[in-house]
Amino acid sequence: MHKVHLKPGKEESLKRFHPWVFSGAIAHIDGEPEEGEIVEVYTSKKEFIAKGHFQIGSIAVRVLTFAPDETIDSDFWKRKLSIAYDMRHSIGLTERPDNNTYRLVHGEGDNLPGLVIDIYARTAVMQAHSAGMHLERMAIADALAEVLNGRIDNIYYKSENTLPYKADLFPENGFLKGGNADNIAMEYGLKFHIDWLKGQKTGFFVDQRENRALLERYAQGRRVLNMFCYTGGFSVYAMRGGATLVHSVDSSGKAIDLTNQNMELNFPADTRHQAFAEDAFKYLERMDDTMYDLIVLDPPAFAKHRDALRNALLGYRKLNQKAFEKIRPGGILFTFSCSQAVSKENFRTAVFTAAALSGRNVRILHQLTQPADHPVNIYHPEGEYLKGLILYVE
Ligand code: SAH
């Protein structure tokens, strides 16, 4: 096994169980490990400190274990997946009659950096974000089938757009187990088509489940605008919550089709709902300002990287300002950022600046984050990526 030797003092974050080794922390590497290979990491004093997947890039090693004698084999994957499953089971997510949609593995949050697994009814959708997880996909799929023991029939692998392009891995999306799966899953009693073939992420934004449920509580008698609707998740909950009107907006025509399909599954021919394929800023600009008293803003990550931060914050400010200007008095705004590079404080500043500029009186009702099946590893606080606020606008 190749050895990675750190510069003096660069083991500190690993001692605190942070699961990444940055390339700048490396003094030298014995030999030339392939991308995705397991390497051992040593301090400058030649003490073993971690073992993980090697990759060329700013994150050079993603740690799988801090134990020198733990080998990364099929038992390792079974152990890790069992721990992940037991946690979801213990918090009541796995056996609900009204819900078969949840995240089973959330990367660093489950001590499996580079791996995401979402469960949709009898299908698991697996996504690799590192070369190492890609190379291990069959071993992981075997372990997954064993751990879930009859609870799933299909494992779909969806990593064509999540792996480093330069690594020459040429991943192909497709079933690793099963196939021909029915793609309808249920979330808190509502049905959704999951587009794991072409959809974003693993086909659905599982991470908004609890926030959608919260929206349902506030929808009664309100006129709802779901901006950046994608599959229409928030819209369907708003309908069930008793909204008098629900408008879904997304710039992608495909997202609008998905929204309409999901609406049809749950509320066929219900005329309270309409969907529009349009740019968010244009829609907010042209819309009538007495139209909505509940607005959801769940945009895509405006900052994918740190260097895009300034523009991203400006984007959040402008977007939220438009919503504050247009929402009816007594309205409720659900506003989100899923950019990991945007901190909670930065997001709040952008939203509060927007509120001040709009001249509206705004109070915080709820502060939101990602749900429990997207846990945050306390040694990797960067894993807390979803931020949201529910605001009452006078
Ligand atoms: N709220 C959704 C997830 C939103 S993902 C859910 O709960 O599932 C972000 C969506 O924003 C994508 O569907 C994308 O097509 C859309 N989008 C990106 N830029 C946009 C823009 N300028 N105007 C409107 N929609 C946009």
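With which side chain does the side chain of Thr335 make a polar contact? In this predicted model, the partner is the side chain of Asn320, at 2.6 Å. Thr335 belongs to strand β18. The residue is buried, with a relative accessible area of 1%. Since buried means under 20%, this value falls below the cut-off. Leaving aside residues up to four places away in sequence, Thr335 touches Leu297, Asn320, Phe347, Val351, Lys387, Gly388, Leu389 and Leu391.

Leu389 is also the bridge partner of Thr335 in β20. Strand β18 spans residues 331-337 and pairs with β20 in the antiparallel sense, over 7 bridges. Strand β19, residues 362-368, pairs with β20 as well. That pairing is antiparallel and has 6 bridges. Here Arg363 has Tyr392 of β20 as its bridge partner. Strand β20 itself runs from residue 387 to residue 393. It is mostly covered, with 6 of its 7 residues buried.

Strands of a sheet pair through backbone hydrogen bonds, either parallel or antiparallel.

Strand β7, residues 101-106, pairs with β8 in the antiparallel sense over 5 bridges. Strand β9, residues 123-128, also pairs with β8 in the antiparallel sense, over 6 bridges. Asp118 takes part in both pairings. It is the bridge partner of Arg103, and its own partner in β9 is Val125. The hairpin of β8 and β9 has 2 residues between the strands. In this hairpin, Ala121 takes a positive phi near 55 degrees.

Further along the sheet, β10 (residues 154-157) and β11 run antiparallel and are joined by 3 bridges. Tyr156 stands opposite Phe175 in β11.

The loop between β6 (59-65) and α2 (74-90) contains Glu70. Is Glu70 buried or exposed? The residue is buried, with a relative accessible area of 18%. This value counts as buried because the cut-off is under 20%. The side chain of Glu70 makes a polar contact with the side chain of Arg79, at 2.6 Å. Beyond residues up to four places away in sequence, Glu70 touches Lys51, Thr65, Phe76 and Arg79.

Helix α6 comprises residues 233-240. Because 7 of its 8 residues are buried, the helix is largely enclosed by the rest of the structure. The buried residues are Gly233, Phe234, Ser235, Val236, Tyr237, Ala238 and Met239. Just after α6, Gly242 takes a positive phi of about 95 degrees.

How values were computed:
Residues are numbered from 1 along each chain as its sequence is written. This is a predicted model: local features need pLDDT of at least 70, side-chain atom pairs count only at pLDDT 80 or more; totals for chains, interfaces and linings use all residues. Side-chain values use heavy atoms; hydrogens and water are left out. Two strands pair if DSSP finds at least two bridges between them. Helices (H or I, at least four residues) and strands (E, at least two) are DSSP runs, numbered from the N terminus. Buried means under 20% relative accessible area, exposed over 50%, partly exposed in between (1.4 Å probe, protein chains only). A polar contact is a pair of N or O atoms within 3.5 Å; within protein, one must be able to donate a hydrogen and the other to accept it, and residues adjacent in sequence count only if both atoms are side-chain atoms. Contact means heavy atoms within 4.5 Å.
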